Amino acid sequence: MAKKEGFVKQITSRDVDFAKWYTDVCLKAELCDYSSVKGCMVVRPLGTALWEGIQNIVDTHLKETGHQNVLMPMLIPEHLLLKEAEHVEGFAPEVAWVTAGGDSPLQERLAVRPTSEVMFCEHFKKIIHSHRDLPVLYNQWVSVMRWEKTTRPFLRTTEFFWHEGHTCHVDYEDADKEALMILDMYVDVCENVLAIPVVSGVKSESEKFAGADKTYTNETLMYDGKALQITTSHHLGDNFGKAFEITYADKNGQEQFVNTTSWAITTRAIGGLIMVHSDDRGLVLPPRIAPTQVAIIPIAQHKEGVLDKAYDLRDQLKEKVTVMVDATDKQPGWKFSEAEMKGYPVRIEIGPKDIEAGEVVVVRRDTLEKITMALDENLTDNIDNLLNQIHVDMLNRARERQNAKTRIAHSKEEFAELVKDGGFVIAPWSGDAEVEDQIKEETGASSRCLSFEYIDADLTGVKDLWNGKDAKYMMHWARAY
């Protein structure tokens, strides 16, 4: 037990120092490590397995909906990046530049891709000529680089991993349908895989993607009450079509500009996963994304038959779940703590007494509840059902916490107090950018999204709390990562 307590004490309490707790979990659960390049992380096997799980789920859905994977160059000529003025202005402070090849200066600077709209657009111009060529539904799995001033593992790093979807369409409506379909796919991934509840909606003009006509977003709350933009889907209108002269002949032979979309989920989702679900003992993983769903811990494994039974149990369970046996020579208490640190959704303890009684002790990682289950042919189904229940319970707890931290403000003073308390604050807004700036300066909160729930709200007679003008929107506000 002393070893177990010592192991857990390596993690700072999240209620004492949330930022330090988060970093401790990332490092102690062996999700990642620091590298010699500031802001760039080494993603270790467990972190990589989580990203691969997200990637496989998203990639499968994209292929089922007709999207094709491609790979674009990571270096972007400066003249291309400058083509869409709003786009380059939005990314200019974060761009990393290549200025020499070996010892020879380059005639033109090359940007290390912060995002790939311009490279896709250059290619789209070459391959799109007729309405029969549309839609074009492309996606790539790559890393990008943005020179961040302040970094934190997974949440904000100089280099991070994502997928970039880039599509071209005949008109605004078709592109909008695509952008919303992708947003719904992300909702499904967040809620039905990561057990993270989200608020879906539209970004304000100042918060939307640089160069977009509109940005759809999924926002969620972390345990500490700060918001996280976990996924986005951008409707780019014909902005990039015009900037790059991507045209096609419509059914009447008339030349038209394409409408485009872009969208992404990134390794930031892993950071969200940690901050929504994990605790002071370490990582807590939802079963549907956990690389290992069940860890079997043999007790007194040196005794005859114990390890054999543990491996038999593994072979039985692996028909439906991912499972491992910890047969190392560490003490059981240490193994328990390590299993909790790594976030395995279920731990099964089996020793000589359990085998004799025909049962095993099953421990839920999310609640630490211990359950006795019969060691029989029904165990596989019982464990599978338990894993599904754990997912439901984790999603419900996160949703209940988020709902409890989502309040409507009725005055400027109440708004400020609620922001200070943490969570989403819903408040009427005139749409004035000056109010956004004032709110951010005075409270630290930013506009997160105009949620679909409130997008058609009747605001007759409702006033902006900050400038007294007629309200146009009921906006979600929060301090955010």
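**Pocket and cores**

Modeller: The largest pocket holds about 1,200 Å³ of space. Of the 45 residues lining this pocket, Arg146, Arg156, Glu207, Gln229 and Arg268 are the closest to its centre. Keep in mind that this is a predicted model.

Colleague: How do the residues of the lining divide into nonpolar, polar and charged?

Modeller: The lining of the largest pocket has 16 charged, 15 nonpolar and 14 polar residues.

Colleague: Which strand gives the most to that lining?

Modeller: Strand 11, with five residues. Elements that each supply at least two lining residues include helix 5 (85-91), strand 8 (159-169), strand 14 (259-265) and strand 22 (446-451).

Colleague: Switching to the packing. Which residues touch the most other members in the largest nonpolar core?

Modeller: Ile54, Phe154, Leu194 and Ile274 do, in a core of 47 residues. Helix 2 (18-28), helix 3 (45-64), helix 7 (172-192), strand 11, strand 14 and helix 9 (268-277) each put at least two residues into this core. Apart from it there is another core, of 26 residues, with Ile128, Leu134, Phe209 and Tyr248 among them.

Colleague: Back to isoleucine 54. What does it touch, leaving out residues up to four places away in sequence?

Modeller: Isoleucine 54 touches Leu194, Ile265, Ala269, Ile270 and Ile289.

Colleague: Now helix 9. How many of its residues are buried?

Modeller: Ten of ten in helix 9. The buried residues include Arg268 and His277 as well as Ala269, Ile270 and Ile274. Arg268 also turns up among the residues closest to the centre of the largest pocket.

Colleague: And what covers the buried residues of helix 9?

Modeller: The cover includes helix 2, helix 3, strand 10 (214-221), strand 11, strand 14 and helix 13 (379-404).

Colleague: Last topic, strand 21. Which residues are on each side of that strand?

Modeller: Phe424, Ile426 and Pro428 lie on one side of strand 21, and Val425, Ala427 and Trp429 on the other. Both faces are covered, and these residues are all buried. That is six of six for strand 21, residues 424-429.

Colleague: In which sense does strand 20 pair with strand 21, and over how many bridges?

Modeller: Parallel, over three bridges, with strand 20 running over residues 406-408. Arginine 407 has valine 425 of strand 21 as its bridge partner. Valine 425 is also one of the buried residues of strand 21.

Colleague: Great, thanks.

Note on methods. Residues are numbered from 1 along each chain as its sequence is written. This is a predicted model: local features need pLDDT of at least 70, side-chain atom pairs count only at pLDDT 80 or more; totals for chains, interfaces and linings use all residues. Side-chain values use heavy atoms; hydrogens and water are left out. On a 1 Å grid over the protein atoms alone, a cavity is a set of points where a 1.4 Å probe fits but cannot get out, and a pocket is an open set with protein on both sides within 12 Å along at least five of seven lines; lining residues have an atom within 4 Å of a point. Grid points are joined across faces, edges and corners, and a volume is the space filled by probe spheres set on the points. Helices (H or I, at least four residues) and strands (E, at least two) are DSSP runs, numbered from the N terminus. Ala, Val, Leu, Ile, Met, Phe, Trp, Tyr, Cys and Pro count as nonpolar, Asp, Glu, Lys and Arg as charged, and the others, Gly among them, as polar. A nonpolar core is a set of buried Ala, Val, Leu, Ile, Met, Phe, Trp, Tyr and Cys residues joined through side-chain atoms within 4.5 Å. Buried means under 20% relative accessible area, exposed over 50%, partly exposed in between (1.4 Å probe, protein chains only). Contact means heavy atoms within 4.5 Å. Two strands pair if DSSP finds at least two bridges between them.
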